[in-house]
Amino acid sequence: MAEPHPAIDAIELTKSFSGVLAVDRLSFQAAAGEVFGLVGPDGSGKTTTLRMLAGVLPPDSGFASVAGCDIAQDPEGAKAHISYMPQRFGLYEDLTVDENIRFYADIFGVSRMERDQRARQLLQAADMSPFGNRLAGKLSGGMKQKLGLICALIHRPSVILLDEPTNGVDPVSRREFWRILYSLLAEGIAIVMSTAYLDEAERCHRVALLHQGHILFCDAPSNLKTKLRGAVVAVISNEPRRLREVLATVEGVLNVVLVASGLHLIVDSAELRIPELRARITDANVPVGSIEQVAPTIEDLFVATVQRDSNRRHP
Amino acid sequence: MNHEIPSVVVRDLVKQFGNFVAVDHISFEAHRGEIFGFLGPNGSGKSTTIRMLCGLLRPTAGHALVAGYDVARDRETVRQSIGYMSQKFSLYNDLTVIENIRFFAGMYEVSSAILQQRIGWVLNMAGLSGRELALTGTLAVGWKQRLALGCAVLHRPPILFLDEPTSGVDPISRRHFWDLIHQLADEGVTVFVTTHYMDEAEYCDRLVMIHQGKIVASGSPLELKQHAVEGELLLLECEPLGLALDLLHTDPDVLDAAVFGNALHLVVPQAMAAVARLRPCLTAHGITVTKFGPIPMSLEDVFVALTGKRVKSANQEV
C-alpha cells in the first residue's frame, strides 16, 4: 500500500508481572484496512499486549509504534492515532447516548461541527439513530457495546484496539458488531482486537494465536488450517463415549475429541487410518453414521499444537 | 430411555413481569443422563426459565417438575435436587480449596458419614489432590472451573444446571471439562446448559432455542444445522468485498449476508440456482470472484437466522 509505515508495528514486546512472563517477545504488524486478531484463552497475554499498544502499560523491553510514532518516545503523538476500548468501556449510565458521545468528543478535542457530523454517521452505521436521547444505562448489552465503539471512534483514530469486544454479547448482536467493524475498514482504519473464542478468529483477516504470552502461529485463518500436522476425521455417532474407548488406541490417532454429533479424531493420515477405524467400529459393533475427513478448525490446531508443546516440556 | 420418567418436565410455563411476558407458554422435557442445551439471546427468557426451574421464581402459569417435584409447591425439595454452577463460579477466592469444598458441603447438607469420601472425589476430579491448602484465587481458570463443578455436585444432585460454564476457558481445559460433564451424564445426571456461545452448544445432546419467551427450534445440534433453517449457506470470496456486500444486501434472493474475514456468508433459498444467477451479476459490476459455493450451516448461522429478524423489528417499534 501507499502507507509508509504499518499502522501497528510491535517488535519483541515483553512484559512480566512479579516474575511471571505475561507477554514473551511478541512481534507482529497490522496494516491499514486490516482486522488483526489476538486470539487465545484467558491468561494468554492478550489484554497485556493491547495495554502496551495503547500506551497505558510500559513494556519491560521491546518497541511498538503506531502510524510511525514510537509509543515510548512520543506517547502523545501516538495516542492521537489510537483508540483503546477496554473490556469495561467507561460509559456514563446516567447520561444519554448523545451526551456520552459529546463527552468523549470533548476529551479528544473534536470540534463541534466535526463531532455532530461524525456522530450522525456513526449512529447511522450502528442502527442507533433513534436512540440519541436514551439513557446509556437503559440500553441492552449489545447496544452498550455499540455505543462504546461509537465513542471510541469519534476522533477518527487510525488504529482501534478492542479488548474482547464481543464477550457476553449474543450471536445476533455479535454479527451486527462485526458488520460495523468491517464498514470502518473502508476509511483505512486498522483494527486490532482480542478474543478468547477461537471461532471468532475466522472473522479476522489475520490472527496471532496466543498461548502463555507467545505467538503459536500468525497468519490468515485459512492458512492456519493448513498448518495442522495430520488430518481431522469426523465420525457421526449417537454413542460417542463408547466409540472413543474403541478408537483411542488405534495406531496413528493423536487426539480424540467428543462433539455432540460424535467424535473428532486427529490422525497422522486420513487415507491411511480410515480403513482401520472402520474395521474397529465394525468389530465393536457400535452404530455410526458417516466417517469422513473434515477441514480442521482453529481450535483443532490450537489443541494439537499446545499438547505437543507440553508433551515436549514434560515428556 | 423413553420409558423412564423425564428428569425435567415443563408444560405451558409462563412468567409475566407486569405487562411483559418474559416466558410465554414453553413446554419441553429433558431425560435422565441427557445434556440439554438451552440457547437464546440476552433477554430471551432463558434465565427466567432457569430461575423458575431452580425454585427461585414462582411461575405465573403452567407447571414444571424437576426430579419429580413441582417447582411452585416443593421449592425446598427442588433445591436439594439440583446443582448450580455459573460462569462466575461462585467460589470464594480468599478461601482455600478445602475450605470452599467444606463450605458448599455445609450448604448442601452433605452428611458427615460420606463427607470425606465426597471431598476426595472432588479433589481427584478437579486434579487438586495435594493442593487442598492453596488459595482458590491463585488457581488457573481451568482448575477453578473444575473445583466449582465439584462443589456444585457434592450432594450428588440428579440435575445439574450450568450457566455459560466454559466462557473464557482455554480449549484444552474446556475439553477436559466437557469430558467430566459427559461422565456425569453417563452416571445418569441430567445436565442443563444455558449459553449463547455456540461452541458450547455443540457439546449438548439436544438443544432448545428460545427467543422472546418462545421456543423457536429444538433438536440435536446436527438436526438444527440440517433442518431448522429454510435456505442454504454460500461462501463467497471476492474482491472488492464491500461492493459485493452492498450489492447482495439488496438482492431479493439473499436472505442474509455477513462478512467473515476475506469472505461473505450468504443465506439463499437454493444454493446452486443462486450461484448461477449471482456470479454473472457480480462479474458485471467488476467484482472478481475467486470462490463461490455451498458450505454447511453452523449453529451460529441457525441461531442468527431464527432470532435475528424479529429482534430488528422489535428495535424499530421503540
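**Figure 1. Packing of helices H5 and H6 in chain A.** The axes of helix H5 (residues 141-153) of chain A and H6(A) cross at roughly 15° and come within 10 Å of each other. That angle makes H5(A) roughly parallel to H6(A), a term for angles under 35 degrees, with over 145 counted as roughly antiparallel, 65 to 115 as roughly perpendicular and the rest as oblique. Axes are lines fitted to C-alpha atoms, for helices over the stretch in contact, and angles run from 0 to 180 degrees between N-to-C directions. The crossing of H5(A) and H6(A) is right-handed; a crossing has this hand if the near helix is turned clockwise from the far one by less than a right angle, and is left-handed if anticlockwise. From H5(A), Gly142(A), Gln145(A), Lys146(A) and Leu149(A) meet Ser173(A), Glu176(A), Phe177(A) and Ile180(A) of H6(A). By class, this contact of H5(A) with H6(A) has three nonpolar, three polar and two charged residues. Here Ala, Val, Leu, Ile, Met, Phe, Trp, Tyr, Cys and Pro count as nonpolar, Asp, Glu, Lys and Arg as charged, and the others, Gly among them, as polar. Residues are in contact if their C-beta atoms, placed from the backbone, lie within 7 Å. Helices (H or I, at least four residues) and strands (E, at least two) are DSSP runs, numbered from the N terminus.

This is a predicted model, in which local features need pLDDT of at least 70 and side-chain atom pairs count only at pLDDT 80 or more, while totals for chains, interfaces and linings use all residues. Residues are numbered from 1 along each chain as its sequence is written, and chains are lettered from A and ligands numbered from 1 in the order in which they are written.

**Figure 2. The side of chain A that touches chain B.** In this interface, 34 residues of chain A are in contact with 39 residues of chain B. Helix H6 (171-185), strand E12 (253-259) and helix H10 (298-313) of chain A each supply at least two residues of the side that touches chain B. H6(A) gives the largest share, six residues. By class, the residues on this side of chain A divide into 19 nonpolar, six polar and nine charged.

**Figure 3. Surroundings of Ile236(A).** Ile236(A) belongs to strand E11 (residues 231-237) of chain A. Ile236(A) counts as partly exposed because it has 16 C-beta neighbours inside 10 Å; a residue is buried with 20 or more other C-beta atoms within 10 Å of its own, exposed with 12 or fewer, and partly exposed in between, C-beta atoms being placed from the backbone. Ser290(A) is 54 residues from Ile236(A) in sequence, yet their C-alpha atoms are 5.5 Å apart. In chain A as a whole, buried residues make up 43% of the 315 residues.

Figure 4. Four strands form an open, antiparallel sheet in the order E2-E1-E4-E5 (chain B); two strands pair if DSSP finds at least two bridges between them. Strand E2 (20-30) and strand E5 (69-70) of chain B stand at the edges with a single partner strand each, so one side of each is left without a neighbour in the sheet. Strand E1 (residues 8-17) of chain B runs antiparallel to E2(B), joined by seven bridges. Lys15(B) has Val23(B) in E2(B) as its bridge partner. Helix H1 (residues 46-53) of chain B lies across E1, E2 and strand E4 (61-66) of chain B, at about 120° to E1(B).

Conventions. Contact = placed C-beta atoms within 7 Å.
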